[in-house]
Amino acid sequence: MTLAHVHPGPATGPGTGQLLTVVAALLVAVAYLLAAGRLRGRGDAWPRWRDVSFTAGGVGTAWASGGTVPGGPFTGHMIQHLVVGMAAPLLFVVARPLTLALRALRPGRARRRLLALARSRPVGWLVLPPLAALLDVGGLWLLYRTELFAAMRHQPLPHGVVHAHMLAAGFVFTFAVCQLDPVRRRWSVAVRGATLLAACAAHAVLAKTLYASPPPGTDFTPADLHRGAQWMYYGGDVVDAAMAVVLGVGWYAAGGRARARRTRRGAAPTGSKTEVDQCSRGTW
């Protein structure tokens, strides 16, 4: 639900902010592939489908930010919104970039600092699912239902600021709902699922309001406005359904791991070395 697309750039080509986004997306994808290669080079396993997922997110972000998007101005904008604000963040998150970074880094100061940052209180609040949803979907309502969209449409600096905020908000929201990487606190599937449903509803209602009336201060043609709103409504449903699948699979896998741990603990003899080790690690 981010807008890295908030309006196609000028007719002369993408603006500076868009070009920076393209370069950053491609560099991050390359860094991910190098880290995954380093991990495999020392004999550790890392699924290659995660490489594909993260690379697809980077390429998609680069294309939507700097490429030519089909359709009218508003339709093209909404296609960019779906790619950069919703699909790409999901592709990034399921690739577990934080887990990869922690595993690829050698034990030492850099690794400890990254883990401490991931588990810090500010980051814990940032990935609180309801707050992440408010930053993401609330930003969309502010953009489309006020004159902000019209004001920043042809202004490079405001466009870049809004673009960066929406891109970050979409990633944080997806990260908070899926919670595949290690964070300070893992929220229950009930909290994350309810947040996802509420965000989906708010996104769908916003799309319906855009179908009925354009953002204040804009003059898109009715046909372009309707197509763009439909892309936002139905495309958003597809990505949200994919997030729900990721959430459900994670819940199922976590339940399986919990049952396996209980089975192992039940099979361990009383006073055995396994039991002593578990108690010393504080896992009981």
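The model is predicted, so local features need pLDDT of at least 70 and side-chain atom pairs count only at pLDDT 80 or more, while totals for chains, interfaces and linings use all residues. Residues are numbered from 1 along each chain as its sequence is written, and side-chain values use heavy atoms, with hydrogens and water left out.

Let's start with the big picture. The protein chain has 12 helices and 0 strands (helices are DSSP runs of H or I with at least four residues, strands are runs of E with at least two, and numbering goes from the N terminus). Of its 284 residues, 43% count as buried, meaning under 20% relative accessible area with a 1.4 Å probe, protein chains only. Now look at contacts (heavy atoms within 4.5 Å): of those with a separation of 6 or more, 76% join residues 24 or more positions apart.

Next, zoom in on one pair. Helix 2 covers residues 48-66 and helix 3 covers residues 73-94; they pack at an angle of about 160°, with axes 8 Å apart (axes are lines fitted to C-alpha atoms over the stretch in contact, and angles run from 0 to 180 degrees between N-to-C directions). That's why helix 2 and helix 3 are roughly antiparallel, a label for angles over 145 degrees.

Who meets whom? On the helix 2 side you'll find Trp49, Phe54 and Trp63, among others, and helix 3 brings residues including Ile79, Leu91 and Phe92. The residues of this contact divide into 12 nonpolar, 7 polar and 1 charged (Ala, Val, Leu, Ile, Met, Phe, Trp, Tyr, Cys and Pro are nonpolar; Asp, Glu, Lys and Arg are charged; the others, Gly among them, are polar).

Key. Buried < 20%, exposed > 50% of the residue type's maximum accessible area, 1.4 Å probe, protein only. Parallel < 35°, antiparallel > 145°, perpendicular 65-115°, else oblique.
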